[in-house]
Amino acid sequence: MALSQPAWVIDLKTSPSSRPKAPSNVADPPGYSTSGSSKKSQKQITPPTQAETDDLKIKKAWEVALAPAKSLPMNMIMMYMSGNTLQIFSIMMTAMLFMNPLRALSSVGNTFSKFDGEATHGRLLTVKLAYIGLQILTIVIGIWKVNAMGLLPTTRSDWLAWEHAPVPLETSISNFR
Amino acid sequence: MSLTNLLNRFKTVSAHPTPSESLALSQLAPSVLNLSITDTPEQWVLYESLLISTLRTGDDTSAQLILQRLADRFGNDNARIMALQGIYDECTATNQAQLDEVLKNYTEVLKDDPTNIPVAKRRITLLHHLSKKSEAISALTTLIDLNPTDAESWAQLAQYYFEISMYPQAIYCLEEVLLILPNAYNTHARLGEIHLVAAESINNSGSKEVVEKLEASLRWYLRAVELCDGYLRGYYGVKLVTGKLLDSKISTAYRTIPEEKVNKLNSVATVQLNDIVTGSEKGKKAFIGYDSAEVAAVKELLEATT
């Protein structure tokens, strides 16, 4: 039995000259671009210079440094809204207000180590100072809150142990018998 | 014979049955039609397959009866039934005027409902058959615009572009198919073939463009072989393309794949193809299922190159 060849073999064997010429008036498939998908337009990408990367690093460092400033207003509102009574939530929130800045202050060097370099070291100092200032500001809010709760020993009555009973200058004794 | 037995008979036949296979299937018509109608999905699938087989072999009276039963069950306005009715009309048309009539019918149906996809596909096929190729292509692009995730439409569009030698468009369409079916190894092989044909269509053999196309073709073929072990069509392509790349006409300056690698790939493909030919001739268990026509083509290629 003579086997008919598979269609793909016939496609491969047909000589180029016997194929029809491509007509010009045929619609292209949707999304096809004539500029050719195989030749991708290659944009020359120049690597950034050292100065540019340094600038970028400082910019990023500022972003990190100013992040606490964003949470300041929220902290203030939260502290203002939560009551001044002594209860678990207000105590926890106030404690957080002290804990987080203290932890951040203890690891300032770590936070900025990835931006640190020979060229950026000097400029990084102001950034660090701003960061520290903002953390201290957060602690100030905490102090204000503690004060509002009446926990700061700012009134005289808080130091009663050291109060002396006043020595009377004169005593009067009733004399009606 | 029971329904399942009959269904299995249909399932064993390949997608493109030979005339004798079609005849054998078509002769099952009486036993299928004598079964009581149980209204199960399997039965209607069987009816549909049988309809195609009977139309292939020219048993129009059985086809008419099957179509009647399908229409009784699903209604004449069902999209799929309309398409089947259209196939019947196309098959029974005896002259050009009748085919034009069917085409007009399709166009009218689509005017009422442009989303009737089975009928839209029938119309495209008929347009192509009537040699209105550019019309078929523009109709198919509209259909794809409507339903861009249909891999079948994209593949068909690629075939149409290939037939009129618009290779960049055909390649683009097949790449779309791969976006939908990334593991379709036959589509990878087809891309290899089209790249190869596109390379041959360039007049100046040995130019940079030819080398680029041949190497692209080789890469597509290699991916096909990677996806499917022992893929005859893929290895055939690898052997053919590496042979062309090793041709002395091809300047080595343009090549990006080193020559030793191409040589190695060529010998690997030769070994694989030899295995397939000898294995399927001896009927070894691991080599069952290769199409005998394809094996013959491989044999011819191997004899031509040695």
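## Annotated spans of chain A

Over residues 77–99 of chain A the chain is 74% helix and 0% strand, with the end C-alpha atoms 18 Å apart; here helices (H or I, at least four residues) and strands (E, at least two) are DSSP runs, numbered from the N terminus. This is a predicted model, in which local features need pLDDT of at least 70 and side-chain atom pairs count only at pLDDT 80 or more, while totals for chains, interfaces and linings use all residues. Residues are numbered from 1 along each chain as its sequence is written, chains are lettered from A and ligands numbered from 1 in the order in which they are written, and side-chain values use heavy atoms, with hydrogens and water left out.

The UniProt annotation "transmembrane region", from an unreviewed entry, covers residues 77–99 and also residues 129–146 of chain A; UniProt positions are given in the numbering used here, feature names are shortened, and annotations may be inferred rather than shown by experiment. Residues 129–146 of chain A are 100% helix and 0% strand, and the end C-alpha atoms of this span lie 26 Å apart.

## Overall form of chain A

Chain A has 5 helices and 0 strands, which follow the pattern α-α-α-α-α when read along the sequence. The radius of gyration of chain A is 39 Å, well over the 16 Å that the globule rule gives for 177 residues, so chain A is more spread out than a compact globule; the radius is taken over C-alpha atoms, and the rule is 2.2 Å times the number of residues to the power 0.38. Taken along the principal axes, the C-alpha atoms of chain A fill a box of roughly 150 × 50 × 35 Å.

Of the 177 residues in chain A, 23% are buried, where buried means under 20% relative accessible area, exposed over 50%, and partly exposed in between (1.4 Å probe, protein chains only). Among the contacts in chain A with a separation of 6 or more, 74% join residues 24 or more positions apart, a contact meaning heavy atoms within 4.5 Å.

## Helix 2 of chain B

In helix 2 (residues 19–26) of chain B, the residues B:Ser22, B:Leu25 and B:Ser26 are buried. They cover an arc of only 95° around the axis, which puts them on the same side of helix 2 of chain B; the arc is that of the directions from the helix axis to the C-beta atoms. The buried residues of this helix pack against helix 1 (3–11), helix 3 (29–34) and helix 4 (41–57) of chain B.

## Cysteines and annotated spans of chain B

B:Cys173 lies in helix 11 (residues 167–180) of chain B and is buried, with a relative accessible area of 0%. Not counting residues up to four places away in sequence, B:Cys173 touches A:Pro29 from chain A, together with B:Trp154, B:Leu157, B:Ala158 and B:Tyr161. B:Cys228 is also buried, with a relative accessible area of 18%, and the structure holds 0 disulfides over all chains, a disulfide being a pair of cysteine sulfur atoms within 2.5 Å.
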